[in-house]
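Good morning, colleagues. Please take a moment to look over the chain and its fold before I comment on it.

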Amino acid sequence: MNKTFVGVDWGTSSLRAYLADAGGKILAVHRSSAGIQQQQGAFESTLGTVLTELAAPPHVPVLMAGMIGSRQGWIEAPYVETPCDAKRLAAGLADVPNGLGRDIRIVPGLCDLSGPAPDVMRGEETQLLGLLRDFPSQYGAVVMPGTHSKWVRVQDGRILGFATYMTGEMFKVLKDHTILGRLMPAESPDDPEAFAQGVDHAGSSGHFLNHIFSARTFGLFDRLPAASLKSYLSGLVIGHEVRAAAGGASGPVAIVADQALAALYAQALQRIGCAHETAPDHIVLRGLSEIARSADLVS
């Protein structure tokens, strides 16, 4: 049985790879911008280069997660339905035929079919399992902010279900492609007070479609300086998200995000009185090691 493995987090615009032991201890690391969009199908040669840089022994297996398993990736790894844990994901690993002489597998994504419309995630499931490995019962929900934010229901180390909010994408569209952005300078510093005002306004009476127009009228009537309107709009859309999603959490909400985005969500959750904590780094590797052990790739 192998004592080490290579864990790869291969997304749309970036690639992170680790040579690690069964417990997730990092022995070597590779980071690059060689996401799947830049590959034009050259996945095998890119991985071969990464394995050489990591000095990974020839027998060591490779476990990959993220968009590398999407329809636009190396091969498509089918979705596994929630509820789900590490064993169910391990049972759904997709084998990757390759000329590298390696045992290469891809973690499947997750789908939630319990609601009126299907929902999916790919890549986040591995981060979630890394978080739940160390904190199986600590959190009532997990938020994974980004272009498409995920709000995940968890319990006793299992992923019960989730919902996606197109918050990051909606903010960008509103700022760059609607009348709301015309009063906003191209470069605006972050304004925490304006952001908080947006979060608070999201809790007032009225609908989201009505609220977002205030990002224009507050500028027209000089209730906010132009440089603060971007932060205000950000607070509005994030405020609507957290108010809609955080209400059912049975315990603290874990935030899984980079430092800047985690700080915004922490501020928003604090404004609505929701307990929260920021997840530690490298949880994706902990998730990969948990799945690798469940699949008997390492011991």
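This is a predicted model: local features need pLDDT of at least 70, side-chain atom pairs count only at pLDDT 80 or more; totals for chains, interfaces and linings use all residues.

Residues are numbered from 1 along each chain as its sequence is written, and side-chain values use heavy atoms, with hydrogens and water left out.

Let me begin with the helices. Two packed helices are described by the angle between their axes and the distance between the axes. Here, helix α4, residues 167–177, packs against helix α8, residues 229–245, at an angle of about 145°, and the axes are 10 Å apart. Axes are lines fitted to C-alpha atoms, for helices over the stretch in contact, and angles run from 0 to 180 degrees between N-to-C directions. Helices are DSSP runs (H or I, at least four residues), strands likewise (E, at least two), numbered from the N terminus.

Which residues make the contact? From α4 they are T167, F171, L174 and K175; from α8 they are K230, L233, S234, V237, I238 and E241. Contact means heavy atoms within 4.5 Å. By class, the residues of this contact divide into 5 nonpolar, 2 polar and 3 charged. Ala, Val, Leu, Ile, Met, Phe, Trp, Tyr, Cys and Pro count as nonpolar, Asp, Glu, Lys and Arg as charged, and the others, Gly among them, as polar.

Is α8 mostly covered or mostly open? Of its 17 residues, 14 are buried, so α8 is mostly covered, where buried means under 20% relative accessible area, exposed over 50%, and partly exposed in between (1.4 Å probe, protein chains only).

I turn now to the loops. The peptide bond from T82 to P83 is cis, with omega near 0°, and P83 lies in the loop between β5 (80–81) and α2 (86–91).

Two aspartates have a positive phi. For D156, in the loop between β11 (149–155) and β12 (158–165), phi is near 50°. For D296, in the segment after α10 (283–294), phi is near 60°. D156 counts as exposed at 55% relative accessibility, and D296 counts as exposed at 53%.

Finally, A34 sits in the loop between β3 (26–32) and α1 (43–54). Why does A34 count as buried? Because its relative accessible area is 18%. Beyond its neighbours within four places in sequence, A34 is in contact with W10, S14, L15, Q39 and T46.
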